[in-house]
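This report describes aromatic pairing, nonpolar cores and one backbone feature in the structure shown below.

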Amino acid sequence: KQARRNNNGSQFNSISRIISFDPPTVDNNMVVTSLPPRMPPLNIKRKHWTAFSLLCIAFFLVDYVFEDNVPQRQMTTATTAATSVESIEAGLMSALAALEGITVEELESAIAIAVKDHKPEFEFEYEGEGGEAEISVSEDAGRPFIFTFFHQLDHEHKGQRTGMTFSADEALLQAWKEAWYDAGWKPRVLTLKEAAMHPDFLQFNATLHDHMPFGEYDVLCFLRHLAMVEVGGGWMADYDVFPLNPLKNGGHNAFLPNGGKFTAYEELLGPGAVPSLVSGTSREWNRMAHAIYQDAIVHRNEDFWSDFFSFIDLDKERPGLYEIEDAVVPGRKVLTGHHWGPDDCKITDGKLAVHFAHDAIARGQTREGETLADRPHIARHWRGMWKQRCDVVPFEDISHMHKTEATEA
């Protein structure tokens with residue numbers, strides 16, 4: 001029985017490594033101990049077993065009372081903690097399986113296949129104090145991080161249709177990485193693996209799935225905020241947001257705009273902002289993650305709700321809860337249908353990024369026959385033209401400009 005428990009434990013631990021924050025590794029030298037040969041049954045009567053069990057219990061009590069039992073208590077505490085972790089991981093596997101629409105067994109099988117040839121892109125370590133994570137990397141340490149969140153959806157499934165295809169998603173992610181790296185950043189794609197590390201993940205996931213009028217895409221838009229808490233905060237951009245001008249003070253977390261307060265950069269004409277490009281400290285990401293979650297609960301009887309609607313509602317009901325900057329250009333404004341000149345470049349002066357959202361393709365001027373799935377090509381082509389024809393005008397955040405105005409006064 002003990003050997004069987006050990007064998008099952010090693011299988012479970014391999015799964016827990018896959019869903020933990022650390023990149024999965026495969027130990028090619030791992031040796032799985034086979035079960036011992038079956039022993040012949042012993043002719044032991046029930047009364048013998050009863051006496052033996054009582055004797056074991058007596059020895060245990062004597063040892064616990066008269067010997068130093070601190071190590072034993074520590075072991076019990078460790079066992080309890082391990083059991084708690086296993087329960088959380090089991091719940092996580094169920095949540096991930098529900099998102100994919102498959103059974104836990106099918107998910108475990110898929111993970112085992114996927115991890116076999118996986119090679120992690122970056123190495124991460126948690127070194128922060130007070131629960132906040134700091135990221136250390138092995139290369140390009142001088143570049144600030146820019147994160148995006150991605151979970152592959154089944155585009156043929158109801159509630160998961162985004163107008164994209166699997167290949168278009170992959171191409172847009174690659175174009176996003178290349179553009180941000182070219183702009184001096186270190187791009188990193190976050191997934192449910194990071195979101196699941198947050199202590200409130202299971203609560204968020206269950207509530208948003210079971211009690212809200214959401215499709216899978218909308219649930220993910222809430223959960224991505226938890227992922228940003230777990231990587232220590234900083235910058236997050238949608239995968240269809242492409243960089244333009246640099247920040248005047250750089251993009252490192254030590255110089256986050258507005259003193260690190262949660263800031264959304266695609267301002268709307270009315271209240272609120274589109275959370276397509278956002279920055280803030282880990283604490284601020286956590287604060288706003290819970291704010292939009294609570295707002296969604298308030299509006300649970302609506303026919304439809306999203307994190308975008310929550311940002312609008314919160315700015316209207318609680319002005320100043322987060323900062324709003326006018327630093328992201330809607331894609332429809334740059335897809336003009338003609339080659340850009342000096343006057344066109346004024347649209348992007350001092351802007352951080354351009355957002356090639358669904359609206360950009362629907363209302364912008366594109367080539368005949370181009371669809372949402374063509375956004376990787378559209379974004380690459382436009383940004384290449386912009387780099388050739390427009391001058392760099394760095395972005396300055398509101399708080400910095402206010403300081404400058406006060407100094408001049």
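In this predicted model, Phe356 is in contact, beyond its neighbours within four places in sequence, with Asp240, Phe242, Gly331, Val334, Leu335, Arg375, Ile378, Ala379 and Trp382. Phe356 also belongs to the largest nonpolar core, which has 43 residues; Phe356, Trp235, Phe242, Leu277 and Trp382 are the members that touch the most others. Two or more residues of this core come from each of the helices H5 (166–182), H13 (358–363) and H14 (375–389), and from each of the strands E3 (233–237), E4 (241–243), E8 (328–330) and E9 (353–355). Helix H5 supplies the largest share, with seven residues.

A charged side chain meets a ring at Tyr181, where Arg143 lies over the face at 3.6 Å from the ring centre.

The count of aromatic pairs in the model comes to 19. In one of them, the planes of Trp305 and Phe309 stand at 75° with the ring centres 5.5 Å apart; because an angle over 60 degrees counts as edge-to-face, this pair falls in that class. Phe309 also pairs with Phe308, in a tilted arrangement with 5.9 Å between the centres and 45° between the planes. The two pairs are set side by side here.

| Pair | Centre distance | Plane angle | Class |
|---|---|---|---|
| Trp305 and Phe309 | 5.5 Å | 75° | edge-to-face |
| Phe308 and Phe309 | 5.9 Å | 45° | tilted |

The backbone feature concerns Asn258. Most residues other than glycine have a negative phi. For Asn258, which is not a glycine, phi is positive, near 55°. Asn258 lies in the loop between E4 and strand E5 (263–267). Is Asn258 buried or exposed? With a relative accessibility of 12%, Asn258 is buried, because this value is under 20%.

Notes:
Residues numbered from 1 in each chain as written. Predicted model: local features only at pLDDT ≥ 70, side-chain atom pairs only at ≥ 80, totals over all residues. Heavy atoms only, no water. Phe/Tyr/Trp six-rings, centres within 6.5 Å; stacked < 30°, edge-to-face > 60°. Lys NZ or Arg CZ within 6 Å of the ring centre and 35° of its normal. Core = buried A, V, L, I, M, F, W, Y, C linked by side-chain atoms within 4.5 Å. Buried < 20%, exposed > 50% of the residue type's maximum accessible area, 1.4 Å probe, protein only. Helix = DSSP H or I, 4+ residues; strand = E, 2+ residues; numbered from the N terminus. Contact = heavy atoms within 4.5 Å.
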